[in-house]
Each structure stands twice: as C-alpha cells, then as structure tokens.
Amino acid sequence: MNHANPSRPAPVADWIDIKTLYHDPYPIYERLRREGGVHWVPSVNRYLITSYEAVIATEHDQETFSANEHDSLQIRAMGHSMLRRDDPEHYRERRQWQSVFKPSVVKNVWTQAFHEKAREQLSKLVDKESGADLIWDFAAPFAAECLKELLGLHNVSSEDMQRWSQTLIDATGNYANDPDVWAAGKRSFDEVDIALDEMLEWHRHNRDHSLISSLLSSPEEQMPIEKIRANIKMSIGGGLNEPRDALGVAAWAMLTHPDQRRAAERDPSLWSTVFDESIRWIAPIGLYSRQTTQKTVLAGVELPKGARLGICILSANRDESVWERADEFDIYREVKPHLAFSKGTHVCLGARAARAQIADVALPLLFNHLKGLRVHPDREPTIGGWVFRGMLSLPVTWESVVPFKGSGADAAASAITCEAEATHHIAIVGSGPAGCFTAKEIQRCMRGAHIDLIDRLPVPYGLLRYGVAGDHQGTKAVSRQFDRLFDSPKVRFIGNTTIGDQISFEALRADYDAVVVASGVCADRRLHINGEDLTGVFGAGGITRRLNGHPYETTTPTLGRRVAIIGQGNVAIDVLRLLSIGSEELKGSDIDAAVHEALTRDIDTLHIIGRSSAEKARFDPVMIRELGRFASIEHRLHGVDLDRVPEGKDARLDALRTLPGAYQVKVEGAPSMTVEWWFEATPEQINGQGKVEGVSLGLGGETISLAVDSVITAIGFVPDPEDVISKALAQLPRASDTGRVEAGLYLAGWLRRGARGTIPDQRTDARALAGVISGDIAAGEVTCTRSGMTPPVDATDIDGWWRIDHQERDQTAPDRVRTKLTTLEALLESARDESIVFERRTQGVVGDGKSLGDLSVSVLFGTESGNAELVAEEIGQMLDGRCAVDVADLGDVDPHALDPNRLYLIVCSTYGDGDVPGGANNFYQTLRDGAPDISGIRFASLALGDSSYARTYSRGGELLTEAMVACGAIRIGEFGRHDASGPLMASEVALDWAEGVLSLVLSEDPAT
Ligand code: HEM
Ligand SMILES: Cc1cc2nc3c(=O)[nH]c(=O)nc-3n(C[C@H](O)[C@H](O)[C@H](O)COP(=O)(O)O)c2cc1C
C-alpha cells in the first residue's frame, strides 16, 4: 500500500469470462499483471488481485484485508470456519488445530501412516493396468485416506471423502451461482455432520493422534460444536483436493520433464524441490477471497470499503517481476518464496503434512516402483480450474513394477546408490563458500565422487578467510564444516595453483569429468563518474582484504581524516564498522592491530552515501543494530525523516533509530567519531586536483559538496576481465540459471549470479547445482573417463593448511584468535614445514560422533506451530550420548535460572508483525522488564523465519538475542537463520549451525 503516491480508480477488465479463466487463466493473468495487478472484473463480481506485490500486501495486513467476508461463498458452503475469521477469533480456533499438524507429529506419526496408505493405493493403481489414471486411481484416494487418518474420520469411505471434498469445494468456488452446485454442496454438508457426530462419540472413548481426538482432549476448552463442524468441513474441503492436485501436477511435471525427473530419481532430496516448484507453477488454491474493512489504496489503485477481492495465487506465483521464465517448470530456478500456501495469519496449517504426503512418500514411491512410468500414449492428460486448479485426468502406463521391500520408509529409495558415479572426478575451481558448499553437496548426493578443490592461494576458504569481516568470527566459523570435507580421502585441496598459470583451463577440463568454476568476483565495481581515478579513491574489496591479511594486498591506504564510503550494502557497513570502532573492539578477532591502527588513526568523520531511500537501503538491519552498540560514535542522518513512519513498521528505519545521536539514543560522552548518513544521494563526481578533496552529491534536486580526504567505493564486485577463466568463459555460451554452461562445465557462487547473496544462499544454490551435475551424469552426458590432475610440484595440500592454521593460532597476538601470515612466502613456508606438529581440528568436533567432554548444553526453543521444537529435538538427538544435553521450551524457562556452566542453543521463530512467538513471550518479557543479570551466560541463536516477511524476517530470534545481550549474556558463534520459504529443511540447517557453534566452543575451550 502506498499512501504517498497518486492513486487511480480500478481499471475495469470487462473482457474476462469465467469459462476462459477455467480453461487457461494464464494469458488473462499475464495481461492483468501487465496492467497493474488490481482490476475490477464484472464477470466475477470482484476485484482481482494478480501481482505478487499486491497479493503479499493483502496477506500481511489483515486489518485492512479481512478474511471475514460478508455473504462469503465459503461460509455458505461449509459454515464459518477459522479461514473466514480474523484474529483474535481466528487464532483461538487455529490453536486447537495446531498440535496435530506440528512438524514433530507429522514426522513421528503421520509420515509412517502415509507410507502405508500410499502402498495400498499403489497396489490398486497397478491393478488397473492400462486403464490407470494417476489422479483418480492414486492421487485422490491416497489424499482421501491420508485425510481420514489426520482428521480421525474412521467411519467413512474414501469415496465419501472425495465426494464431500469436491462438492464443498465446488460450492465455495461457485462464483457462477449454479443451483445444482449449491444442492450437491448442501447434501455433503449434512452427511459430514452425521459422520462427525458419530465419530465425536467414538473418540470420546478411543483416543488416537487424530484431530477429532485432540479436540476432545481438554473438555474445559472444547470448541463449540458448530465451530468444530465448520472447521472440519473446511479441512475436508482444503485437505484433500489440494494434496491431490499438487501430487497430480508434480507427477505430470515429472513425466513431461525427463531431465528433472532423472535428477530427482538420483537425488531423493530433490523431491521436496519438485513439490515446491509444482505448487508454485500451478497453485492448487488458485484464488481465495478477502474484503476491505476501509477505503484503501492497493498497488496505486483505490479500493472502496467493503470491496470484495479475489486474491489470485495462481497469478502471483507466475509474476515475471519475481521469477524469470515464470511459466516454465524448473526445479533449478532461484528459490523465491511462492504463495501457494498463502502467508500471514492464514498460512496453511497442513503444509507440512502435505509435503510429507507428496514429497516424502508419494512421489518417490511412484517413481521408484513404477519403472518406465509415462503418460499413456493414446490418452491425453487434461487440466482445468482457476479458483482451484489441477489435473482433471492423467492416464499413465509403465513397464514394470518394483516390488516393495521391508517396511516404513520406502525401501526402494534407499536402493538408489551412486555406484556408477563412484569414479567421477570433479574439479572445483575456488575454495570459498560457494566452492566448498558445492563440494559438500556433491559429496552428499554422489557419494563416490572424487573432488579436487583448486585455489590460487595456498589456503582454502576464499571470502570466508579474506572477505568476511574479522570481527565476525561467528560467521567465519562456517569454515569448520568445510574443514571436515577434507577428512574424506576422496576430497583434495590443491592450493597455490592458478588456472592459466600452472595448468591451462583446457587441460583442466581434459583432466576432469566435470569442472565447476567457483572462483568468485573480486574486482570492485566502478562508479563511472569523474574523479574516480584520483589518488585517494579505494575499493572496499581492497580495504577488507588488507584488514583480513590477504597476501596480495600489501599496502595500507592512507585514508586521512574524512572518509566517504559510497554504497550502503552490507560490505559498505562492514567497512564503516571496521573503520569506526576502536582497537578495544577487536578482541577475539583476527584483525591485524597495526593495519587497523594505520587505517583508522586519523579518521574523525565518515560519510556513508547511498542512492536509495532508507527504507530500501541494501543493508541488513541487523548490521545497523550492531553499530548501535558502539555508544561513543555519533550518527547523523540526512535524507530520511524517522518521524514519517511509525516505529515497528519498517525494520530498516527501526534499526536506524538505535544509532546513538540519530534519534532518541544519546551518545555516551564526547563522540569518538561522527558518521554522516546520506540517503537518496547520488554521487555526481569526486573532486580534487590529483588527489581526492571532496565529493559532490545530488540530493533532492540540489548538488552539495562534502570535503573529504578519501573515497571508498562499495557498490559491488565484478569479475576481473583479465582473468584466464573469465576469458575462456566469454568464448562459451552463457550459463543457464542453474549454472550449467554445458554438460561438464558449471558455474557456482557469485560468478553465476553476480555478487549478491549471503553465505547461506550459497548453500541453497550448491544443492541445486549438485542436482544438475548428477542429472547430467545420470543422463550419460557427463561420462566417467578422467582421473583428475597430478597436483603441480609447488601446490599446497590440506595438511599445509593445517600447518598454517596451527602456526597462526600458536603464535597469535594476545586477544586475537589468530594472527594471520600475510605474505605468500610465509604461508608457503609454513605449509611446507614438516616440523610443525599439527592436529586436525576436525577431530573431536560434533559431527564425528565423538564425546564432547564435560560440555553441558541446553537446547531451548521458542515456537508457535512446532517447527522450532522439532529442530531443537533434532539437535538434542544429535548431541545425545556425547554430552549432557537437555531440550526445553522457552515457555518453561525462567531467565533467572540460566546456568553459567551450560551452553544454551536457542532456536526461536518469528510471529505476528516481527514478534517473538507466543511460547517465548514470557521469557522475553522477563528479560525486557526485569533485566535480570545474566552476565556469564553463553548462548548461540538460530532464528527461524520466512524471508517473504521482508520487513521482519527472523526478527523474533533477533529480539530475543538483543534482550539476552542487553542483560549481559555472551552470544557466541554464527547468528543462524532458517528461511521457511527456502528449499532447505530447518533441521538440516540447524544441525550444521549447531555443529559450527560447538566446534568453535570446543576449540576455544580446551577444558572441554
Ligand atoms: C498442497 C496442498 C495444500 C495447499 C496448496 C494448501 C493451501 C492453503 C492455502 C492457500 C490456505 C490459505 C487460504 C486462505 O487464506 O483463504 C490454506 C489454509 C489452510 N489449510 Fe491448506 N493447503 C494444502 C494442504 C492442506 C492439508 C493437507 C491440510 C490439512 C488437512 C490443510 C489445512 C489447512 C487449514 C486448516 C487452513 C486454514 C488455516 C487458517 O485459516 O489459519 N491444507 N491452505
Ligand atoms: C502468522 C504468521 C506470522 C509470521 N510472521 C513472520 C514474520 O514476521 N517474520 C518472519 O521472519 N517469519 C514469520 N513467520 C514465519 C515463521 O516464523 C516460520 O514459519 C517458522 O518456521 C515457524 O516456526 P514455529 O513453527 O517454530 O513457530 C510467520 C508465520 C506465521 C504463520
């Protein structure tokens, strides 16, 4: 919503008819989005909201866009369920449903049941032989059986469930007001009530894990019967057709995209991606309704009070401003949060159960057991729908049936091995985060592959060692999981080896079956303004490398008294922080004190300049709040009015409010330094005769000049055009979005997407890339004929790195974790010095299953719907037997009782408008209001969130962390995050995070 921009009346789309929408809504939606995304559509008697941005705006503002529509079709069809209520009534009902759909219950109870149902249905499908239809002979009855179990409707048949679900859904989508549709819906309405009454009685005496049983578990809080009825009908409507349609579309996508199918068959972890991409591509719930509670403006279009809206998920999920080639099914596309499960208060409660049914059970089962499964050559599949969309039929045939083995998880899935890939040799050029994550993922899905990580430097880890700021050791600790890569004899580090120097690119390709180039981009992007070549203009990359002791960065720039930093992304903020903090803040880092002192000695004023408004600035709010901790630095803001937007409405503005001097926080004592922030300011030229004397900025139509002694550009990085690989790649076709240049040659990391994306993003991309490579191998496009290179004589290996590591730690300055060797000669000398006795620091770390000594760990979780609980339990299981560990709900923990002898791993989700979840609220408020002294308590944080809440992403975990630190606790390790709308499982991310934190603690605490 934008109140500041001029608004216009809704355009009328009188050219739309329902029949065409039903058959193929996509061209219609494409035009609606092109015309702004908000239209009045007479034939539907509603405003259709079709752009991603507008849909997101409605989902995050239930005060304006109410779910409680007057005369709602759904209320008429099913009764008044939680889906058509707003908070707090909605929340009260949703809570009663929640426990049955909790991730731990889905994992421990339902998944097993789904396996059994899927096997039964697969046998029936097989019996149909050549007349089989995957939708009606498998997907629909399977979804019906699963739903019966979930709800506890044990007295009805699968056919009843399917009929009820379809007729209730048809009535909900009866925008054409067809009386026959209403009549069929009413019959089902009455039948459900009869079956439900019978089962309510049964469950009173026979408790199980089902929803009906759980509703009866605390009689004093029991929902009124009419609410149970409405919500059960809504769950019958929503819990059957959607999984059926999602499964149908996913199967169809696999049958029509053989390469992607092969990749998923080889790497079962891709089924989850197949599931997400299927429901992004064709969202089963295509449209749902909302109604405005007041006059408002949406995407620049005026909406009156009481306006009925159709929120078109089917359309938003294909918005070309979000997804490239949005109409194509592509499991390798860049992951962006799709809306198929909705967002905000009504986000699907059954999402995890649906994922388990389809991605964990049905898809692997179908494709593993029906060998040669394909669309029936003589019968065409059909698809339809716009309010709900899915396959109307999917006739299939197959060559043979693989019999079931064992029980429980599909045994055939585990039968898939990568033996054929055992001897593939894969080279990865560049051992930074992208290279290492790619190696890890290749190792995971092609267990036998031999991997060489080749780096021009004698040491591994690229940007982790030389780019990530030295005072962020928690982030650098990610390298611990990479250290463990090299424990495998199949993974080698070949350092001090430059492609084009010791070995040509062509020779490298000839030596390996596949080559992944992950050498990054490191040249600072130019500003292209006058004065850029004056003495005194430096790139942020060079400054960070110098501070990080990079062997090629040998001189310390003279910055003078007044420094302008151009750019406001995270790299710029890193530079700002490192140049503004005093030496006392460098304790525990690996920053060279002398270099830091020489760089910062004379600085008294820093200007930080960006073109964007403060709301759109590219920094992460957490980085700004971190700056807020340095109480003696004074901040002054220009080009932003913090009073314009109320507190709590914009994470970036909220973060700026925490800066001393900028708003209400006072500077402590005499300012040690001044930071001037310039927003919406365009650098026009750098002034000076031979050397920098000032910089001119365009600001609100005027030009102002700042007197400065040096300029640091921090506007991104580009590949070095002179680099041999860049030149070779320029001769080849452009890499596809997946990073595939051609079979056997791939790009990873910043080289693939440009210099954006955080370290966790690299992991996400690496997973997809490993899938592409294994797909190429499975398709026979990458053969297995090469044996890898013989390392050049002057190459370094992983033992060389351990010697350097030992040396740097052994001879470190006081208060530093290491003192880096900063010349090539010193690095090489240590790498080759066989007299250095080193210990691989991977020994004894968490993941190798060894004891963690005397360490005592508490894993605490703050949750609303159980994700954090599941994650905490899995961390607990990982540590069980290796150290004293317990797992507890933050709701049951009193901050006063925290024990300084324990390490706390805190996993916390985010709810509401960036709040801590209900379960953690008491704990949080006690910290805020009581300010207990918890100094000496050591903890690490993992925040669960969803990045489509752009303003408040993982804020709950941040709030809790800030409150702990404010009360004196010490945060250690990486601040972990998990994005619920990304492709990685929370528990996977969590285990890596916990491993990183614990190995850091162990290495710092030799007593343990
Ligand atoms: C792929 C399958 C599924 C999809 C795409 C899906 C999609 C959705 C969407 C879009 C909503 C929000 C609708 C709105 O705001 O009007 C929703 C809500 C809901 N879904 Fe699902 N759903 C699926 C499977 C399931 C399953 C298997 C169940 C459980 C039996 C379920 C139970 C619910 C419930 C109870 C709500 C209401 C949540 C609330 O109002 O707070 N869904 N679903
Ligand atoms: C109603 C609702 C509001 C949410 N608000 C936010 C939010 O403001 N910021 C965020 O990062 N994630 C938000 N999320 C996403 C959750 O934090 C995320 O799904 C998390 O994995 C849930 O964990 P839990 O099951 O432990 O509560 C929200 C989810 C829901 C259902």
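Colleague: What pLDDT does the protein chain average?
Modeller: This is a predicted model, in which local features need pLDDT of at least 70, side-chain atom pairs count only at pLDDT 80 or more, and totals for chains, interfaces and linings use all residues; side-chain values use heavy atoms, with hydrogens and water left out. Residues are numbered from 1 along each chain as its sequence is written, while chains are lettered from A and ligands numbered from 1 in the order in which they are written. pLDDT is the predictor's confidence in each residue, from 0 to 100. Of the residues, 96% score at least 70, and the chain average is 90.

Colleague: Which protein residue is the donor to the iron atom of ligand 1?
Modeller: Donors are N, O and S atoms within 2.8 Å of the metal (3.2 Å for Na, K and Ca); water is not among the atoms, so sites may look incomplete. The iron has a single protein donor, an SG atom 2.3 Å away, from Cys 348.

Colleague: How are H7 and H8 oriented to each other?
Modeller: Helices are DSSP runs (H or I, at least four residues), numbered from the N terminus. The axes, lines fitted to C-alpha atoms over the stretch in contact, come within 9 Å and cross at roughly 95°. Angles of 65 to 115 degrees count as roughly perpendicular, so H7 and H8 are roughly perpendicular.

Methods:
Axes fitted to C-alpha atoms, helices over the stretch in contact; angles between N-to-C directions. Helix = DSSP H or I, 4+ residues; strand = E, 2+ residues; numbered from the N terminus. Parallel < 35°, antiparallel > 145°, perpendicular 65-115°, else oblique.
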